[in-house]
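Here is a short tour of one protein model, written to be read with the structure open beside you. Keep the viewer handy and follow along.

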Amino acid sequence: MATARICVLLLVLSSTLAEDLKLKHKTSREPVRLFTEEELSRYDGGEEGQPIYMAIKGVVFDVTKGKEFYGRDAPYNALVGKDCTRAVAKMSLDPADLTSDTTGLSEDQLESLENVFEGTYKTKYPIVGYTASRILTEDGSPNKDFRPEDQPLFQSKDEF
């Protein structure tokens, strides 16, 4: 009788622990969203408790877990709250480079950009959305080169 009780107790405990582990390791993935420049600028690390976002190549990353690098008064805080593609390509913190414009970048800089984008940001930080400039042209019309199925982490069920 005591053995049966112990077995039942172990069974209940193991199923409870298994459920706890599932809940702790369950990844919640919200749909990606579209950010205007104004919206993105709100996530610049200036407000405690608010996520820290930065965009590269029009892809918005949540870099909050790198707060010591991107938070207020941190060394790379200049890069957050905006699309800083040019600065990442040039490995620059010059205010003139804090833009998405890649005009005039050398092949080496474009290659560096791609390596950092793929090897660092896409592997280390979650994608939370895209900038409007990635999807829309300057006049607000759809960017014909934008293909949702080619975007990182895009799934047809996601909404912008």
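## Ground rules

Helices (H or I, at least four residues) and strands (E, at least two) are DSSP runs, numbered from the N terminus. This is a predicted model, in which local features need pLDDT of at least 70 and side-chain atom pairs count only at pLDDT 80 or more, while totals for chains, interfaces and linings use all residues. Residues are numbered from 1 along each chain as its sequence is written, and side-chain values use heavy atoms, with hydrogens and water left out.

## Thr85, a buried residue

Let's begin in helix 4, where Thr85 has its place. Thr85 is buried, at a relative accessible area of 2%; buried means under 20%, exposed over 50%, and partly exposed in between (1.4 Å probe, protein chains only).

A polar atom of the Thr85 side chain lies 2.6 Å from the backbone nitrogen of Lys57. Thr85 also touches several residues (contact means heavy atoms within 4.5 Å), including Ala55, Ile56, Thr99 and Leu113.

## The nonpolar cores

A nonpolar core is a set of buried Ala, Val, Leu, Ile, Met, Phe, Trp, Tyr and Cys residues joined through side-chain atoms within 4.5 Å. The largest one here has 24 residues, and Met54, Ile56, Phe61, Val63, Tyr70 and Tyr121 touch the most other members. At least two residues each come from strand 2 (53-56), strand 3 (59-62), helix 4, helix 5 (107-124) and strand 4 (127-131). Helix 5 gives the most, with 4 residues.

Take a closer look at Met54: leaving out residues up to four places away in sequence, its contacts include Val59, Phe61, Tyr70, Leu79, Val88 and Tyr121. Another core, of 7 residues, lies apart from the largest one, with Leu40, Tyr53, Val60 and Val128 among them.

## Out at the surface

Tyr76 sits in the loop between helix 3 (67-70) and helix 4 (85-90). With a relative accessible area of 38%, Tyr76 is partly exposed. Together with Phe69 and Leu93, Tyr76 forms a nonpolar patch on the surface, with about 260 Å² of accessible area in total. The areas come from the Shrake-Rupley method with a 1.4 Å probe.

Finally, visit Arg33 in strand 1 (residues 33-35). Arg33 is partly exposed, with a relative accessible area of 30%.

Methods: Patch = residues over 30% accessible without salt bridge, like charges linked within 9 Å, V, L, I, M, F, W, Y side chains within 5 Å. Salt bridge = Lys/Arg side-chain N within 4 Å of Asp/Glu carboxyl O. Polar contact = N/O pair within 3.5 Å; in protein donor to acceptor, adjacent residues only side chain to side chain.
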